[in-house]
Amino acid sequence: MNEQDLIHTIDEKTKNLPVPDSITPESMKKMLDAHTTSAEHIIPEDKDQPSPTRNRSIRRFTAAACVVLCLVGGVGISQLLSGSSHGDMTADSASSDMADTPGSNLIQADESTADETDVSVSESADTGATMSDLAYQTSLKSPSSYEEYYQTLKSAYDAYYDQLSQVFTDKQTDIEEDVEEYVDGVRAFEEPMNTNTTVADPYAASADTGGNLTDFSTTNTQEETVDEGDIIKTDGTNIYKVISAFDNRTRHTSYKLTMTRTDNGKLSLMTSIDLDDVLQTSEDDSVDFQEFYLYEDRLIFLYDKTSINGDDDSTTTYVVVYDVKDKKNPKLIKTLSQSGWYQSTRISDGYLYTISNFTDTSLYDEKQYRNYIPYIGGKPIACEDIYYPTDISAETTHVITSLNLKHPTGFTDSKAIPSSGYQYYVSDSAIYLYATAYNEITRTEIMKVGYQDGLLTAGSSAVITGYLYDTFALNEYDGYLRIVATIPANNIIRLGSLTTDTATDSVVREDVNTLYILDENMKLTGKITGIAPGETIYSARFFGDTGYFVTYKNMDPLFSVDLSDPANPAIIGSLKITGFSEYLHFYDTNLLLGIGMETDPETQEFLGLKLSMFDISDPSNVTEQDKYIIEHSEYSDALNNHKAIMIDPKKNIFGFLYFGTVGKDYNYYSNKYYYVTYTYDKEKGFVQTASYPVTDGSEYEYDAVRGVYIGDYFYLATNRTITSYRIGSEEAIATVNLQ
Amino acid sequence: MNQEEIKAHVLLARNGDTTSFCKLYELYYKDMYRFAYYMLGNRQDAEDVISETVLDAFTGIRNLKNPLKFKSWIFQILATKCRRQMAVYVRNREHLQTETPEDRIIATEHPYAEQLDVRSAFDALSETEKTIISLMVFAGYNSRETAKILQSTEGTVRSAKSRAFAKMSNFLKEDFA
């Protein structure tokens, strides 16, 4: 059962919970009125001390609010707040009204690519696209001044509010249009972009190996050449770990970075950096440390900070670079900032790419750039770096920067792109921002931003039908983006009932899955539809021309797909076994490891965590070579956070933390946490080499547990300690206290 | 109600307008009640914390710095009150139900059997997990927003959420057979 089903179930089961009369708005108003009358002469002196500033701002806000009130009085709350009708608007009916807004006709990006645009437009016409489809061709432009940008945003907001009421009244028609336009499943907005066809230099994953020949584990990343941040890193000698401490009284979390030197199992704590000092927080700020990187001799911390300033609060993302050449004396060398909440980062080819989400747009004052233009290092981002689509609407703005880690003097490039996306996949040449709107038809919009040597190129986007189970559902190879998506059942029910006007539920009441292939301009080149009706996708992994993905309802079919012809992808094999895999990892060219759950095919009962090794030497005839069920196990973070898995197939080792019971006396309340390590042997199959009970800390702190190996030693790090073992042995060699 | 309206109502409520305040409350009270009911497991205490929350929110609305954060602000007050109430339960152990979640599942001959089902599932969760799931399901927050309300990090919330859902699915899964 996936989480969406669960949320839906709980919601369905509880939404008719009878609400007692005593708490209805009417009863509450009576209570409050009684309260205010009795407290009348206290309030004015005690609390009401309006400063001139506050009074003014209230009047201003109220006046502005009234205008809009009159415009959109009839719109339902659920639509506005959930943003669902917003999705409708961007997807289908943004066209006619938006076309009237100033600036929306300035579509062509640059002349050199005009030809390509023509071609794609005529292609759309051939496939029977409607006028509104053409109007929805999204291309990006940059404003010539902040004032122009202000006007564009303003008319977009006005149009947005206007649209909402239309969507509300014309719902029926809108759905029908959807059916027509999306019958093909995918639509690309043909925005020509400068294609980066460079092959990235192979980038040594995360550490400087100079002079150090021992092997060691690195953060388990989705793409081999693109590093991801985490709470632990090692360079083969030192282990860097961020630990946190939560103060229950002040509700403040403080963070420390610790550096521990390892020497064949011996441990010594070299130094620790108190991040509270680095982050310079005041009482009114709320700070979230996010993750960090180790790149050569540099540590890079990412955090965001929300400062409250009168009526407004604003959030800024910070990048802090430390030089740790001298382990005893780490030196702060650079702090950089960009507007918005921290979203995600990657390191590729020596550059750090940081994505933040600027949500504080407010259009009350055209002169206050800070309220609607993202700032980069204290300055508003340059006009030419702002890109907005012609159907710009009341979305949030993503800020993407690049930083050369060899010379981190300032951001190499920065771009601001309004986009609703809040999930990210980064290949070795592009950043993909995507977001799913769960409306009558569930759709995911994917926007592509190319990168090369720190330079960012805002590119095309596409809308596909369905949702993506996580970032592993996306993979770019040879310029093609491959996507597996699930279209939830209720979509189809509504479609069915609309077209036939009868209850055809029994036929169409099923989830269904689709594989899409988009080219470098995000145009659909091929797809496979109608995969595994009644099941949803649980995991996927792509390797060159072959893709594997797992769907599940009662059984776990592992599908293999031939992707060598992007126009004609084909399912070439499916293996049905019990349970399902939630994470897939290529163990070697012939082996695919699956980590998931075993279930009883009859009752759906969970029987514990399961490891599967698939023989993929012949993708059309995949077999399960071995299966290992962890007895009395309940759950592991490995199922949905790939960074929680330590894995190095070359060393033939992997490990993760799980929650369960070791031994015979099993019941739900006997569960504890264990970190387990495994190897895989062709003859013997999976072999559990060690199991370490992890007991320290509060429940929260188990998320901070990580394992790393260096040479012949395994190091188990918690939020409080690091303990060393010889790989495969359960006998502790040394422990160091990090707190 | 759109954002501008919410802003306007918050500003009016700051000046003591109970009608405006109740308009805002009306948007969320059903979800607030579900939240309190499943956090605390009984109706009377849920009613009480809601009343307290409303009173605190109304008298303290000047502390709400950003009017657009009204919803998360009032849920934050409610969550704090629920957690305080749960601490009271722990102190007075006699308030705790003596039956185990397994016993409860059998007792489904109740008019609101479905909701009891969910209650059993909630009983399997730790206090933190309960808060996270309630915020996500009843208040409709995503991991990031939940993390902000609980002043925790997104990663922590995500994994606590998955852990909680894994536990709950054991109680709710018969619906999927």
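What share of the 177 residues of chain B count as buried? I looked this up before anything else. The figure is 50%. I keep in mind throughout that this is a predicted model.

**Entry: overall confidence**

I noted the scores for the complex. The predictor gives an ipTM of 0.81 and a pTM of 0.67. Helix H2 (residues 18-40) of chain B is highest, at a mean of 91. Helix H5 (residues 101-106) of chain B is lowest, at 41. Residues 94-112 of chain B have a pLDDT below 50. That stretch still has 15 contacts in the model beyond near neighbours in sequence.

I counted elements next. Chain B has 9 helices and 0 strands. Read from the N terminus, its elements are α-α-α-α-α-α-α-α-α. Chain A comes to 14 helices and 42 strands. Of the 739 residues of chain A, 45% count as buried.

I also looked at contact range. In chain A, 55% of the contacts between residues at least 6 apart in sequence join residues at least 24 apart. For chain B, with a separation of 6 or more, residues 24 or more positions apart account for 62%.

**Entry: helix H3 of chain B**

Which residues of H3(B) are buried? I list B:Asp45, B:Ala46, B:Glu47, B:Val49, B:Ile50, B:Thr53, B:Val54, B:Ala57 and B:Phe58. For reading such a list, I recall that an α-helix has 3.6 residues a turn, so residues three or four places apart point the same way.

**Entry: the nonpolar core**

I went to the largest nonpolar core. It has 221 residues. Those with the most contacts inside it are A:Ile300, A:Ile431, A:Tyr432, A:Ala473, B:Ala36 and B:Leu78. The largest share, 15 residues, comes from H2(B). A:Ile300 is in contact with A:Phe292, A:Tyr293, A:Tyr295, A:Val319, A:Val321 and A:Leu352.

**Entry: a four-stranded sheet in chain A**

I traced an open sheet of 4 strands in chain A, in the order S39-S40-S41-S42. The pairing is antiparallel. Strand S39 (706-710) and strand S42 (734-737) of chain A are the edges, each pairing on one side only. From one strand to the next, the twist averages 20°. Strand S41 (residues 721-726) of chain A pairs with S42(A) over 4 bridges, in the antiparallel sense. I found A:Asn737 in S42(A) as the bridge partner of A:Thr721.

**Entry: A:Thr723**

I stopped at A:Thr723, which is found in strand S41 of chain A. Why does A:Thr723 count as partly exposed? A:Thr723 has 19 other C-beta atoms within 10 Å, and a buried residue needs 20 or more, so A:Thr723 is partly exposed. Beyond four places in sequence, A:Thr723 touches A:Leu716, A:Ala732 and A:Thr735. I also checked A:Lys266. A:Thr723 and A:Lys266 are 457 residues apart in sequence, and their C-alpha atoms are 9.4 Å apart in space.

Technical notes
Residues are numbered from 1 along each chain as its sequence is written. Chains are lettered from A and ligands numbered from 1 in the order in which they are written. This is a predicted model: local features need pLDDT of at least 70, side-chain atom pairs count only at pLDDT 80 or more; totals for chains, interfaces and linings use all residues. Helices (H or I, at least four residues) and strands (E, at least two) are DSSP runs, numbered from the N terminus. A residue is buried if 20 or more other C-beta atoms lie within 10 Å of its own, exposed if 12 or fewer, and partly exposed in between; C-beta atoms are placed from the backbone. Two residues are in contact if their C-beta atoms, placed from the backbone, lie within 7 Å. pLDDT is the predictor's confidence in each residue, from 0 to 100. Two strands pair if DSSP finds at least two bridges between them. Axes are lines fitted to C-alpha atoms, for helices over the stretch in contact, and angles run from 0 to 180 degrees between N-to-C directions. A nonpolar core is a set of buried Ala, Val, Leu, Ile, Met, Phe, Trp, Tyr and Cys residues joined through C-beta atoms within 7 Å.
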